[in-house]
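Reader: Hello! I'd like a close look at the nonpolar core of this protein and what surrounds it. Could you walk me through that part?

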Amino acid sequence: INDKTFDEIDTIFVGDSSLGNAIDKKLFNSISKLNSENLSLTGSFGIAGSLGMIKKSLKKNPNIKNFIIMQTLDIWARPYAKEAILELYPLKDMRAYLDNSSIFSYFFNLKEIYWHTKYLLKKNTNSLNLSTIDLENDYLLQKFNKYSNKKIKIKKNSSLDKVALSKGKLKEIKMIDSFCMKKNINCLFLNGPIHKGLIGNSESFLKYKDNVISKQFRYINYFPNTFAYEGFMMGDSADHIDTNYKSLSTMDIYKVIQDHLSY
């Protein structure tokens, strides 16, 4: 975001690791003729984290035309992402989304102060550890054990059927939906890639996704598509595409949203 060329960006990808591992921005730019940037975080930041990155992006470049949001399919059961708001939002926004006690305890937490001080010292001495960043694939480095090399396998009874929309995630949907509407920006929301073996056991969840979750979006264009892939295409998690198939998932994503992009 702080790069000098960020003013040239017209499309932003925001979301969690399911997106970070799924999108090849160079390929996307080539086939879409847009100029995109991938600002994916991780699942712990939730939808609130995606909104935080949208706000930061617009502040630096108010001319961005598209915000493509992608979250993993089990995100809906997770709690309200307070930490994302505390780490990414300015104080005035924190006060709009959090109670004073949460803000106070965060800023005066001794562990937080220690961690931030340690980070700043490393940053100032240029000794940050970048070993977890895969620069070639534009996201975090995947672990060695993967579904693609058969070091991980889906358990027979694995399912998403117990995943239901939490009050926290409902609040986050309303936050990002109302912001996109207020700013009149083109926001597209997609479900992250998933292991076909896992989604094959989740028939009840898929119905719940289509009948309940999808109806929570009032302004944002929500796509119900499920990007399911065979195990040999999956990486170190059931929602992480193996890097060898990143171009395939990028093409699949583009085909779904191509008619909904602004130029």
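Author: Happy to! Please keep in mind that this is a predicted model. The largest nonpolar core has 72 residues, and those with the most contacts inside it are Phe 28, Ile 54, Trp 76, Ile 85, Tyr 89 and Ile 257. Helix H3, residues 46-60, gives the largest share of this core, with six residues.

Leaving aside residues up to four places away in sequence, Ile 54 touches Val 14, Phe 67, Ile 69, Ile 176, Phe 179 and Ile 185.

Now for the position of H3 against the strands. H3 lies across E1, strand E3 (66-71) and strand E6 (186-191), and runs at about 160° to E3. These strands belong to an open sheet of five, in the order E2-E1-E3-E6-E8, with parallel pairing. At the edges stand strand E2 (36-38) and strand E8 (221-222); each has a single partner strand, so one side of each is left without a neighbour in the sheet. The partner of E2 is strand E1 (residues 11-15), and the two pair in the parallel sense over three bridges. Within that pair, Thr 11 stands opposite Ser 36 in E2.

For a contrast, have a look at Arg 95 in helix H5 (residues 91-97). Arg 95 has a relative accessible area of 59%, so it counts as exposed, the cut-off being over 50%. Beyond residues up to four places away in sequence, Arg 95 touches Asn 100 and Ile 103.

Terms used
Residues are numbered from 1 along each chain as its sequence is written. This is a predicted model: local features need pLDDT of at least 70, side-chain atom pairs count only at pLDDT 80 or more; totals for chains, interfaces and linings use all residues. Side-chain values use heavy atoms; hydrogens and water are left out. A nonpolar core is a set of buried Ala, Val, Leu, Ile, Met, Phe, Trp, Tyr and Cys residues joined through side-chain atoms within 4.5 Å. Buried means under 20% relative accessible area, exposed over 50%, partly exposed in between (1.4 Å probe, protein chains only). Helices (H or I, at least four residues) and strands (E, at least two) are DSSP runs, numbered from the N terminus. Contact means heavy atoms within 4.5 Å. Two strands pair if DSSP finds at least two bridges between them. Axes are lines fitted to C-alpha atoms, for helices over the stretch in contact, and angles run from 0 to 180 degrees between N-to-C directions.
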